[in-house]
Amino acid sequence: MKTEAGEVAPRRSKFNATPTVVDGIKFPSKAEAARWVELKAAQEGGSIFDLQRQVRFRLDVNGIHITVYVADFTYRDKHGYRTVEDVKFFPTPAYKLKKKLMKAVMGIEILETGLKPRKQRKRASGPPQEG
């Protein structure tokens, strides 16, 4: 797509996320960049260690390669337990499948950060109406 001046307009991301650079690293969203800053601070504070980005997990079933899941972050807590984390606002069907495969194949639960709680519908107040 071109602008009125004939320049190529920057391409918008799939979920209108704003790419952000922190520590010389380009993140696909402000939320992921902000989470990186939080996790780096936690690592510097000593509550987590071995912080990594974009860790790939090969998912095979019965010796057949199915897909690869790429975690936004992995890290270990002070007891050595590994956390696999993904910053998500709009889980896609592909992500939901990979999340299930991670649990079934690798025994790993993905910690999802960034999800907003769904708004509950307001119910009519007062006594039930008779029909």
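This is a predicted model: local features need pLDDT of at least 70, side-chain atom pairs count only at pLDDT 80 or more; totals for chains, interfaces and linings use all residues.

Trainee: How exposed is methionine 106?

Mentor: Methionine 106 has a relative accessible area of 36%, so it counts as partly exposed. Buried means under 20% relative accessible area, exposed means over 50%, and partly exposed is in between (1.4 Å probe, protein chains only).

Trainee: And what is methionine 106 in contact with, leaving aside neighbours within four places in sequence?

Mentor: Phe57, Arg58, Leu59 and Leu101, where contact means heavy atoms within 4.5 Å. Phenylalanine 57 is 49 residues away from methionine 106 along the chain, yet their C-alpha atoms are separated by 8.9 Å.

Trainee: OK, what about α2 itself? Which of its residues are buried?

Mentor: Tyr95, Leu101 and Met102 are the buried ones in α2. They cover an arc of only 120° around the axis, so they sit on the same side of α2; the arc is that of the directions from the helix axis to the C-beta atoms. Pro93, Leu97, Lys100 and Ala104 are exposed on the other side of α2.

Trainee: Why would a helix have sides like that in the first place?

Mentor: An α-helix has 3.6 residues a turn, so residues three or four places apart point the same way.

Trainee: What covers the buried residues of α2?

Mentor: The cover includes β3 (48–61), β4 (64–77), β5 (82–87) and β6 (110–113). α2 lies across those strands, running at about 90° to β3. For that angle, axes are lines fitted to C-alpha atoms, for helices over the stretch in contact, and angles run from 0 to 180 degrees between N-to-C directions.

Trainee: Which residues make up the largest nonpolar core?

Mentor: There are 11: Val55, Phe57, Leu59, Tyr69, Ala71, Val84, Tyr95, Leu101, Met102, Ile108 and Ile110. A nonpolar core is a set of buried Ala, Val, Leu, Ile, Met, Phe, Trp, Tyr and Cys residues joined through side-chain atoms within 4.5 Å. β3, β4 and α2 are the elements that give two or more residues to this core. A second, separate core of 10 residues includes Val22, Phe27, Ile48 and Leu51.

Trainee: Switching to the sheet. In what order do the strands come?

Mentor: The order is β3-β4-β5-β6, four strands in an open sheet with mixed pairing. β3 and β6 stand at the edges with a single partner strand each, so one side of each has no neighbour in the sheet. Two strands pair if DSSP finds at least two bridges between them.

Trainee: How many bridges join β3 to β4?

Mentor: 11, and the two strands run antiparallel. Arginine 53, for one, stands opposite phenylalanine 73 in β4.

Trainee: Where does α1 go relative to that sheet?

Mentor: Helix α1 (residues 30–45) lies across β3, β4, β5 and β6, running at about 125° to β3. In α1, the buried residues are Glu32, Ala33, Arg35, Trp36 and Leu39. They are on the same side of α1, because they cover an arc of only 160° around the axis. Lys30, Glu44 and Gly45 are exposed on the face turned away from that buried side.

Trainee: Last topic, backbone angles. Which residue just after α1 takes a positive phi?

Mentor: Glycine 46, at about 90°. Just after α2, glycine 107 also takes a positive phi, of about 70°.

Trainee: What about residues other than glycine with a positive phi?

Mentor: Glutamine 54 is one of them, with phi near 50°. Glutamine 54 lies in strand β3 and, at 36% relative accessibility, counts as partly exposed. Asparagine 62 is another, with phi near 55°. Asparagine 62 is found in the loop between β3 and β4 and is exposed, with a relative accessible area of 76%.

Methods:
Residues are numbered from 1 along each chain as its sequence is written. Side-chain values use heavy atoms; hydrogens and water are left out.
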